[in-house]
Amino acid sequence: MTDLIEPSAEATPAAPVNPDLRWYVVHAYSGMEKAVERNIRESIARAGMDSKFGRILVPTEEVVEMKNGQRRTAERKFFPGYVFVEMVMDDESWHLVKHTNKVTGFVGGAKNRPAPISEAEVQKIVSQMQDGVDKPRHKVEFMVGELVRVKDGPFTDFNGSVEEVNYEKNKVRVSVTIFGRATPVELEFGQVEKT
């Protein structure tokens with residue numbers, strides 16, 4: 001009986017080839033996670049250690065931001081400064097990752113024997129990534145009751161409290177005090193900032 005494997009999305013890790021593979025968290029220079037992922041892959045290829053490594057994951061999600069009135073989708077990292085590596089932990093593989101450019105070390109466990117994280121934790125992160133692709137969140141999220149400052153429009157420099165948030169229209173209703181009276185004003189996300 002043959003199992004058919006459907007092609008999966010890039011964010012969904014495939015089943016591991018080697019049953020001894022475990023997930024480890026690698027600490028990297030902040031902002032260099034993608035470079036670390038590339039460097040590790042290159043080191044693995046150079047060393048011919050493909051059998052000791054599985055997937056390498058930099059958990060990200062899509063976020064929507066408004067810039068100059070334009071709606072843009074950007075990428076935000078869930079865990080800045082961390083890369084998840086699926087590998088067989090032995091002296092050779094540990095040394096390869098630890099001495100990869102822009103890697104500062106492993107997270108957890110003893111100094112020379114890091115502790116793996118569970119497959120369930122990794123699956124939770126992967127599902128968060130998939131949720132971010134399916135329905136991108138807004139880069140700036142406002143909460144009802146939060147204090148904001150108006151930075152654009154006729155109410156510039158007024159402070160107010162968020163009464164309602166509409167992510168579909170990228171608008172927020174803010175209660176500002178004008179002549180001693182609270183007045184609701186509908187503004188775009190780009191017109192307000194958190195105080």
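Strands β8 and β9 (residues 159–166) pair in the antiparallel sense over 3 bridges. Two strands count as paired if DSSP finds at least two bridges between them. Strands here are DSSP runs of E with at least two residues, helices are runs of H or I with at least four, and both are numbered from the N terminus. L147 stands opposite S161 in β9. Strand β8 also runs antiparallel to β12, again through 3 bridges. There, R149 has E193 in β12 as its bridge partner.

This is a predicted model, in which local features need pLDDT of at least 70 and side-chain atom pairs count only at pLDDT 80 or more, while totals for chains, interfaces and linings use all residues. Residues are numbered from 1 along each chain as its sequence is written, and side-chain values use heavy atoms, with hydrogens and water left out.

Strand β8 has two faces. V148 and V150 lie on the covered face, L147 and R149 on the uncovered one. In a regular strand the side chains alternate between the two faces of the sheet.

Now follow the chain from β8 towards β9. D157 is found in the loop between these two strands. Its phi is positive, about 75°, although D157 is not a glycine. Most residues other than glycine have a negative phi. D157 is exposed, with a relative accessible area of 55%. Exposed means over 50% relative accessible area, buried under 20%, and partly exposed in between, with a 1.4 Å probe and protein chains only. F179 also has a positive phi, near 50°. F179 is found in the loop between β10 (171–178) and β11. At 83% relative accessibility, F179 counts as exposed.

Aromatic rings come next. The structure holds 5 aromatic pairs. Rings of Phe, Tyr and Trp (its six-membered ring) pair if their centres lie within 6.5 Å; planes under 30 degrees apart count as stacked, over 60 as edge-to-face and the rest as tilted. The rings of F142 and F189 have centres 5.3 Å apart and planes at 50°, so this pair is tilted. F142 lies in the loop between β7 (137–138) and β8 (147–150), and F189 in the loop between β11 (181–188) and β12 (192–194), so the pair ties together parts that are 47 residues apart in sequence. F142 is buried, at 5% relative accessibility. F189 is buried too, at 9%.

A second pair joins F155 and F158. Their ring centres are 5.9 Å apart and their planes stand at 80°, so the pair is edge-to-face. F155 is partly exposed, with a relative accessible area of 22%. F158 is partly exposed at 29%. Elsewhere, ring pairs link F78, F79 and F84 into a cluster.

K194 lies over the face of F142, at 5.9 Å from the ring centre. A charge sits over a ring if NZ of Lys or CZ of Arg is within 6 Å of the ring centre and within 35 degrees of the ring normal.

Turn to another part of the chain. An open sheet of 4 strands has the order β2-β5-β1-β6, with antiparallel pairing. Strands β2 (53–57) and β6 (103–106) stand at the edges, each with a single partner strand, so one side of each is left without a neighbour in the sheet. The twist averages 30° from one strand to the next. Strand β2 pairs with β5 (residues 82–87) over 3 bridges, in the antiparallel sense. F53 stands opposite M87 in β5.

Two helices lie across this sheet. Helix α1 (residues 33–47) lies across β1 (22–28), β2, β5 and β6, running at about 165° to β2. Helix α2 (residues 91–98) lies across β1, β2, β5 and β6, at about 145° to β6. Axes are lines fitted to C-alpha atoms, for helices over the stretch in contact, and angles run from 0 to 180 degrees between N-to-C directions. Contact means heavy atoms within 4.5 Å.

What does E33 touch, not counting residues up to four places away in sequence? The list is V58, K77, P80, G81, Y82 and V83. E33 is in helix α1. At 0% relative accessibility, E33 counts as buried.

Finally, the whole chain. It has 3 helices and 12 strands. Of its 195 residues, 35% count as buried. Among contacts between residues at least 6 apart in sequence, 60% join residues at least 24 apart.
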